[in-house]
Amino acid sequence: MSSPPVTGPAAVREHRGGPGPARFRPRRTPPAGAARPVRRGVLSYWRQYLAISPFYLIFTVFSFGPVFYSLYLAFQRYDGLGTKQFVGLQQFEFLWNDPVFWLSIRNTLVIWVLSTVPTLFGALVLATLLHSVRRFKGFYRIALYVPNVTSIVAVAIFFGAVFSNDFGLVNAILGMVGIDPVPWLSDPWLIKVVIALLMTWMWTGYNMIIYLAGLQAIPQSVYEAAKIDGAGPVRTFFRITIPIMRPIILFTVVVSTINGLQSFSEPQVLFASNAANQNLGGPGQAGLTTLLYFYQSAFLDNDYGYGAAIVWAFFVLIIVLVVINWRIVQRGRKS
Amino acid sequence: MDLSRRGFLQAAVFTAAASGLTVACGGGSESGGTKNGKNLTMWYWGGALSDKVVAEAKTHFTSRIKLTSASIGGDFKQKLTTTLAAGGSSVPDITGIKGEDIASFLPNADRFLDLNDLGFKKVSSQYLEWKTKLAQTKDGKQIGFPIDIGPTALFYRADLFDKAGLPDDPAKVAAEAKTWDDYFALGTELKKALPGTFLVNNMGSVFNIAVGQGTKRFIDEDNHFIGDQDHIRAAWNTAIRAYRLGLDAKINDQSWNSAVGKSLTTELGAAWHALDIESAAPDTKGKWRVCATPGGPANQGGSYLTLPKQCRNPEEAFKIISWILSPDNNAKSFTDAAIFPASPASYAMLAMTGPDAFFGGQKIIEVFGPAAEAIPVSYEAPADSAVMAPFMAELTSIEAKGKKPDDAWKDAVSQAKQIARRQGVS
């Protein structure tokens, strides 16, 4: 504890750059003349580490710990209260032979594709449109972003009412133009469409904001050059905007993959279970996503080991898909 | 007030310290108590007990015990499991457990006190045997004190029966719908007379009750899977018959709320289901009647109070729960919160024998009372509801996707077997 008086002031001077003229020095250049002190030990930065420690402590206790505990659980049979029993790879063997698990994977992938593709494409189109808008910019941005900050439960309940088979708004409108009611919430495919639509509605605005930020970083001169060369708006979009935006698109694809595969609340709220029928995911389990199946196994059937096995198998799947996505989006870059 | 950074930090530190201190003190004073603690906590969920009776219990025992009750929202079972697994002083002294969850707590009966040691044996004859047995381990340890039950009945629209030219008097309808076959025959007539109406809302509700009418379920007492045997197949076939005859409305979502007052002529459900109907279709008031379930009564739901082994004062806690759940107070709970008692003595009390306006002034206890006492004693294994789930899922698959019933049966059995194996059932 004797070191601070010595190193303290030096550290301050180095970080802030001295008062006055130092401010005009280019960043990242060590102050001229000031002899760089000997590399100091990690411990001398204890204040900084202490300042950022709350996040890491909470992360370790509430995220990191449980993640590895769940890996341990995947090799046990455990009902939540009794003794754990080591079962080796048995849970994974069950998983491999469980048709409901594979059904849930199929459901998740279909819902993911049905939601991610329109979300990202729509977000890009909206961002381009919004980028060229001159008036009410703020209004449009807020209006498109609001769905993302709306409570997912409220949105799901609202969608459930709007798409209700017999008395929903959508079927009422279809009925007015003479179309027979569509079984939105019982047909296996339409269930997925409704869930995907809900996710699209929630996430388009979020991705749009990210794309908009990317668009604003593209210098206007590039577009002017393209215009002089005679490129139309569509050609400019595909030949200029998209290539420059590639890193941003990559980011949104990865994030959407991770988010989209983890759909849980949407089907859970749309198709609530009850005491008599504790199956989740609606009629025919068509909306049973993998995370929902995990929840059912662990928390409704009290089979925590199996639940842990489901999420770890799913983790592997997400990694594989993220890598594939990465490769696809990166592909054009090498040429 | 202008809040400086220093001021803000100071405030934050003080708040954190204060809350830490509170937690420490709270933990200290409670965990310090031996087995004659004066402060008892009770967990239940909204509607599990009558708040009025709980408030009366607080004043009744106030000289000896300070009872604090907490209405726990959300996933009650999960919160209780987590708290019990964590142990310590946060475990409640008295807690409710839902009827559908009690079986899954029985393998961990050592987490709870045996109520027989505290005097439950002396009062157990006042409560329905089949309900008491469901909260008992194989070696006779009683972990749950029955709060309420859910005896089933047939709810029907007397006005629509009348319109179809059928008898609408409860006794006559009960006689006409004595078995499932009779009931479906009645439904076929109703459908002919009133096109566009349905007898049952979905196959799951028929299957659920048909299984509950028997003494055996999906797993036997020797921990063997018996879900592929005749008793389950018969219940399955009963459900399928409603579907084949076109009596099934195939409702598996919230649209039940709008259908119940319109296209459904009958409803199968427990006593508490009356409230669902009443809130979904308030304008059908007076048009509904109740009679005995076709094929005999079953039970749906109904909870228990238990004493976790950390209970700070078992003697007093047991006195409190037996007071709250005494036949007299059970009758009060029925009046106050429509909690159907597990104590038959309550059925004759004034609070329960009155006419019900929603059912056109019918004295519904005359239907539910005898039903409650006639429910068979059955064995429900810890994994029972998990093993039952694929049967319900396949029934909805038939309704939603038009899956062939025989294929659905095969898939349901193979999935149920797999779940059983996962849960350690042989």
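Helices (DSSP runs of H or I, at least four residues) and strands (DSSP runs of E, at least two) are numbered from the N terminus. The model described here is predicted, so local features require pLDDT of at least 70 and side-chain atom pairs count only at pLDDT 80 or more, while totals for chains, interfaces and linings use all residues. Residues are numbered from 1 along each chain as its sequence is written, and chains are lettered from A and ligands numbered from 1 in the order in which they are written.

Chain A contains 13 helices and 2 strands. Of its 335 residues, 31% are buried; a residue is buried if 20 or more other C-beta atoms lie within 10 Å of its own, exposed if 12 or fewer, and partly exposed in between, with C-beta atoms placed from the backbone. Two residues are in contact if their C-beta atoms, placed in that way, lie within 7 Å. Among the contacts in chain A with a separation of 6 or more, 67% join residues 24 or more positions apart.

The domain assignment, which is automatic or from a database, divides chain A into domain 1 (4–85) and domain 2 (90–334). Contact between them involves 10 residues of domain 1 and 8 residues of domain 2. On the domain 1 side, helix H2 (46–73) and strand S1 (76–77) are the elements that give two or more residues, and H2(A) gives the most, with 3 residues. By class, this side has 5 nonpolar, 3 polar and 2 charged residues; Ala, Val, Leu, Ile, Met, Phe, Trp, Tyr, Cys and Pro count as nonpolar, Asp, Glu, Lys and Arg as charged, and the others, Gly among them, as polar.

Helix H4 (residues 99–132) and helix H10 (residues 233–261) of chain A pack at an angle of about 145°, with their axes 10 Å apart. Axes are lines fitted to C-alpha atoms, for helices over the stretch in contact, and angles run from 0 to 180 degrees between N-to-C directions. Residues of H4(A) in this contact include Trp112(A) and Leu120(A), and those of H10(A) include Phe237(A) and Val253(A). The contact has 5 nonpolar, 9 polar and no charged residues.

Ala286(A) lies between helix H11 (265–270) and helix H12 (290–300) and is buried, with 27 other C-beta atoms within 10 Å. Residues up to four places away in sequence aside, Ala286(A) touches Asn107(A), Pro188(A), Ile191(A), Lys192(A) and Gly281(A). Phe136(A), in the loop between H4 and helix H5 (137–149), has a positive phi near 55° although the residue is not glycine. Phe136(A) is exposed, with 10 other C-beta atoms within 10 Å. Asn302(A), in the loop between H12 and helix H13 (304–334), is also a non-glycine residue with a positive phi, near 55°; Asn302(A) is buried, with 27 other C-beta atoms within 10 Å.

The contact between the chains takes 33 residues from chain A and 35 residues from chain B. The chain A side comprises 13 nonpolar, 13 polar and 7 charged residues. In chain B, helix H18 (residues 384–401) has 18 residues, of which 17 are buried, so H18(B) is largely enclosed by the rest of the structure. H18(B) is followed by Gly402(B), whose phi is positive, near 70°.

Note on methods: The expected span of a helix is 1.5 Å times one less than its number of residues.
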